[in-house]
Protein chains: 2
Amino acid sequence: MKHTVTFFPGNKTVEVEDGTTVFKAAVEAGIETGGNCGGTGCCGKCKVIIEGKCSGEKNPHISDEEYAEGYRLSCTTEIRGDLTVLTSVSGGSKKIASFYDEVDVSDISPLVSVEKADVQKPSLDNSEADFERLKRALEVEDLQSLPAALKKLPGILRSNDWSIKVALCDNSLIDVIPKNKSIYGLAIDIGTTTVALELVDLQTGKTIEAASDYNHQIVCGEDVVSRMIYEEENGQKRLTELILDTINSLIEPFKNEIHAVCIGGNTTMIHMLLGLETKSIRFEPYVPVTNFPPVWRASDIGINVFCDAPVYIIPGCAGYVGGDITAGVLASNMQQSENPSLLIDVGTNGEIALGCKDWLLTCSTSAGPSFEGGDVSCGMRGIEGAIDCVKIKDGKVEYSTIGNTEAKGICGSGIIDTVAQLFLDKKIDKKGRIKGGVFHLTEKISINESDIENIIRTKAAIFAGCCVLLDAVNLQFDDLEKVYIAGGFGNYLDICNAQVIGLLPPIPHEKFKLLGNASLSGAKSCLLSKDKRQKAEGIAQSMTYVDLSSSNSFFEQYSSALFLPHTNEERFSITGK
Amino acid sequence: MKHTVTFFPGNKTVEVEDGTTVFKAAVEAGIETGGNCGGTGCCGKCKVIIEGKCSGEKNPHISDEEYAEGYRLSCTTEIRGDLTVLTSVSGGSKKIASFYDEVDVSDISPLVSVEKADVQKPSLDNSEADFERLKRALEVEDLQSLPAALKKLPGILRSNDWSIKVALCDNSLIDVIPKNKSIYGLAIDIGTTTVALELVDLQTGKTIEAASDYNHQIVCGEDVVSRMIYEEENGQKRLTELILDTINSLIEPFKNEIHAVCIGGNTTMIHMLLGLETKSIRFEPYVPVTNFPPVWRASDIGINVFCDAPVYIIPGCAGYVGGDITAGVLASNMQQSENPSLLIDVGTNGEIALGCKDWLLTCSTSAGPSFEGGDVSCGMRGIEGAIDCVKIKDGKVEYSTIGNTEAKGICGSGIIDTVAQLFLDKKIDKKGRIKGGVFHLTEKISINESDIENIIRTKAAIFAGCCVLLDAVNLQFDDLEKVYIAGGFGNYLDICNAQVIGLLPPIPHEKFKLLGNASLSGAKSCLLSKDKRQKAEGIAQSMTYVDLSSSNSFFEQYSSALFLPHTNEERFSITGK
């Protein structure tokens, strides 16, 4: 009996015989799982997360908790049914392409503020209780203490001679710590494909560490809809565990110092994180449980930071326009501008916002993950070894990689460059047909017709979404003050090439501005600034959602855009590099 | 080798050989442990809680959780060291002597209010999220949802055709339930010896069930100081578990319907419940962690009711004057009166409050548990079978029992009656010496000189405390408008007899008012009324604590009161019944 095994990252599928080890299947698929003990289960380095039927004894390298979440050693696990496998779950890389304009930290009012408290020592004449004494020192009369802080208070006060530091969130006492200890905040972007986070010093606003990893939920489906289907069939528990596992493994070394968390993410990811069912998002009329998640404690959610750390989630606007888009608008500041601008967020979905200080429209297209390296045979996310910039002239290829290391695959900006350059070099036609069916960038790294088909579908969906929003308010691309681009591209996107393939409209280059990972920068802004948190709420409240699934006009626009650059070539004034 | 085994209730101690079963030791001590299988461990009915060294296999009648808390079957457990044993842990009696003036329920503003919500159904034109939709229906703009409610919301809305009931605490959504389901509140009095509670309908204010049990912590010490010593030597964990176990076994049948909890108790009991260390209460300057515990969620504390139910704890004033006294003042309303009144709370400690609308003084005496049936050989708490009323004339005894059943022991009011009547009948002298050393009320129930000694010490401490407070403001007993008596006596206390033994001062009977279990009535009041909660805070804030441990005057007054009725007989105009 044969089984189908699909590996992430890379989305590579192989067919193998029943009983084959996952390790062997990975070798067959050309996927590196790590491991250096010859498949004996000794080194514990070929850890993967598996969804599907498999067998094999529990290995001591896998904890009980990990085992329950589907962690296995690939070398000792035999394939017994169709599987999805996530490799590279080693805890994420510190080198991430989460670039964005540096967040303004001149006026810090963080979600959790740190203050010194010099508390008067008690005596027989003044036997006020510890907590009431602390309130007096802080001059916060209606201060309320969360459990952990109150339990620690008497010990900390007495072992630090009544002079301590406190962590406060509004009128809640979050923690009490010795004066010399630091308190950090955590900004997280939960993408459908990638989770990126930064550890931030709450007093200086500086980022201390950054890390990212694939969203481990990927083994349950590549896009939000397939994860919602997984939820319907198998319950939500594992999806929640997998996203928590992604975050918790990245922050392990700092977990106890983290006292505040801010999260940007799409509505489905946020629902799965919080344990809110997504069924009603999936079906008409696409209603989330909430677009304005309350501030809960980290331990309520299961994020392994200081138990009572408040978790602020950037509010969203609809089932398919989440807090990540609010964060993009916040980063662009387009909601304060006189003239309309456009925001395009290129992730696994493509979300678009159009507007100015008086109004904001948004929509979402199921673009697909091509520009995040998904759905493309040699695609990868923008980490070390990814080809991020490509030039092709007369079939000759020049490229650069992130970190200037050996090329391992192609990330979003490299994919756009490749398709545009091949088109300009006349190696592919306007329908995306490629001469010879495949083009090699290196010996191992290539792009084929099926890849290009996916890329064209992605760019067409995004472009069509922009057109529908503009049409709704009778505007043209030329009327736009700015076009902001958010998403995993970082600083690498070549605007020209993006225009060549028809992803971006042919307007002057100076109108474009790359925001980088706006969801992460928004999370960091909101972590550090009360003003930004209030602005985010205002943006989420004022956005009007346009449902493309019921829009005929969207379908027409999409069909017209399924060409390079577009059916209507006159709309594009192609300029090569 | 011999070991000492002490049984509660009853405080009976026996010496037995190493290896004796607890069951046999109980029989020797004349204590009923239940059980009807002949000591084979089959019936599981002789369950006790043990503190100390013992051995024996874990019996299937004991759950893992119970085992960890020291539950054992007495018949299969062998004594291996000095032990303390709490018998009768079957889950408490429903017949309790928790009498108090009925709480006014005309104007209910409960800790958790229940409201109907008719929520508009969503459509493609109106795809607002569920929670935002609910906010609109309730017209509470800043509504925040606790985790459980938000997780349940989408399912409950859709399965109840968008018409539901909600439980709210201020602007927090606690729970969402179908319209036909009920929501209850829980009022608890945590006494050092006894825990009493009532299940209250939050919409009508009516008490639906009442129950009480010994505070299971009794195996770790009879009074607050010995429990604090236990905490110092063994950590607080088990004390917290034992009080939670006491509460949780009493409420088991109703746990899921309980959505609000209000608690009255002394400062030490509250600290042990909340997991706050008591070390600084025990030593000078006797500083608690807090006198105003924050409202936490039940699951934060470990009370097994609806997880997000808020727990309100009546604030106290000092380490030895807790929320139970605040509740007593609240029940008396003396804090609003023009002229000073006195409140005496007779529990394991004797706390006293003196004051009027302009000022309030309080103090605490380590009275001992005599009037709760402790420290007295045939003492018991005021439940069915307790002798509560005694007349003795020429050695002939008449008595009544609670529930008019066979006499099992003597409760507080019966103890006072017995001593007073014996004194009037000249069977004991003013020093408490008894003719023949013992007096039998029935064949099995008697009172001896050691009992009377304890009773005299208890009443002397309370009386001395009253004198010190009055002296502090230059008042006499005659200046008092009222004398309120709170504590386990309920409706049974005979004022005359209490004056005969010198517990109460010789002032006109109409000035006395029995409040019953004011801590429980206060908890019920605060559960049902915002005004009462605010008043309780006001009382706790305005009480001034007088420390008797450093008072010479207290020691003098105490020594003078160690007689029947008092050294200074002229202070007492004795009147018999």
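Which helix of chain A holds Leu153(A)? In this predicted model, Leu153(A) lies in helix 4 of chain A, which covers residues 147–159. The residue is buried, because 26 other C-beta atoms lie within 10 Å and the threshold for burial is 20 or more. Apart from neighbours within four places in sequence, Leu153(A) is in contact with Asp130(A), Phe131(A), Leu134(A) and Val176(A), and also with Val289(B). The C-alpha atom of Leu153(A) is separated by 31 Å from that of Asp531(A), a residue 378 places away along the chain.

The contact between the two chains takes 34 residues from chain B and 34 residues from chain A. On the side of chain B that touches chain A, the elements that give two or more residues are helix 3 (130–138), strand 7 (144–145) and helix 4 (147–159) of chain B. Of these, helix 4 of chain B gives the most, with five residues. By class, this side of chain B has 18 nonpolar, nine polar and seven charged residues. Of the interface residues of chain B, 100% are also interface residues in chain A, so the copies meet through the same surface.

The arrangement of the copies was also examined. Chain B is superposed on chain A by a rotation of 180° with 0.1 Å of shift along its axis, at an RMSD of 0.1 Å. That is the relation of a two-fold axis. The C-alpha of chain B nearest the axis belongs to Asp300(B) and is 5.2 Å from it.

Overall, chain A has 16 helices and 26 strands, and its C-alpha trace spans about 90 × 65 × 45 Å along its principal axes. The radius of gyration of chain A is 25 Å, which agrees with the value near 25 Å for a compact globule of 577 residues. Buried residues make up 57% of the 577 residues in chain A. Among contacts in chain A between residues at least 6 apart in sequence, 68% join residues at least 24 apart.

The domain assignment divides chain A into domain 1 (2–86), domain 2 (113–177) and domain 3 (184–313). The centres of domain 1 and domain 3 of chain A, taken over C-alpha atoms, are separated by 25 Å. Between these two domains of chain A, 11 residues of domain 1 are in contact with nine residues of domain 3. Strand 3 (47–55) and strand 5 (78–86) of chain A are the elements that give two or more residues to the side of domain 1 that touches domain 3. The residues on this side of domain 1 of chain A comprise six nonpolar, three polar and two charged.

The interior was considered next. The largest nonpolar core has 375 residues, and those with the most contacts inside it are Val261(A) and Val261(B). When residues up to four places away in sequence are not counted, Val261(B) touches Leu186(B), Ile188(B), Ala298(B), Ile303(B), Val305(B), Ala309(B) and Val311(B). In chain A, 11 of the 11 residues of helix 14 (residues 518–528) are buried, so this helix is largely enclosed by the rest of the structure. The buried residues of helix 14 of chain A include Leu520(A), Leu527(A) and Leu528(A), together with Lys524(A), Ser519(A) and Gly522(A).

Note on methods: Residues numbered from 1 in each chain as written. Chains lettered and ligands numbered in written order. Predicted model: local features only at pLDDT ≥ 70, side-chain atom pairs only at ≥ 80, totals over all residues. Domains from an automatic or database assignment. Contact = placed C-beta atoms within 7 Å. Helix = DSSP H or I, 4+ residues; strand = E, 2+ residues; numbered from the N terminus. Nonpolar A, V, L, I, M, F, W, Y, C, P; charged D, E, K, R; others polar. Least-squares fit on C-alpha atoms with pLDDT ≥ 70 in both. Rg over C-alpha atoms; globule rule 2.2 N^0.38 Å. Buried ≥ 20, exposed ≤ 12 C-beta atoms within 10 Å, placed from the backbone. Core = buried A, V, L, I, M, F, W, Y, C linked by C-beta atoms within 7 Å.
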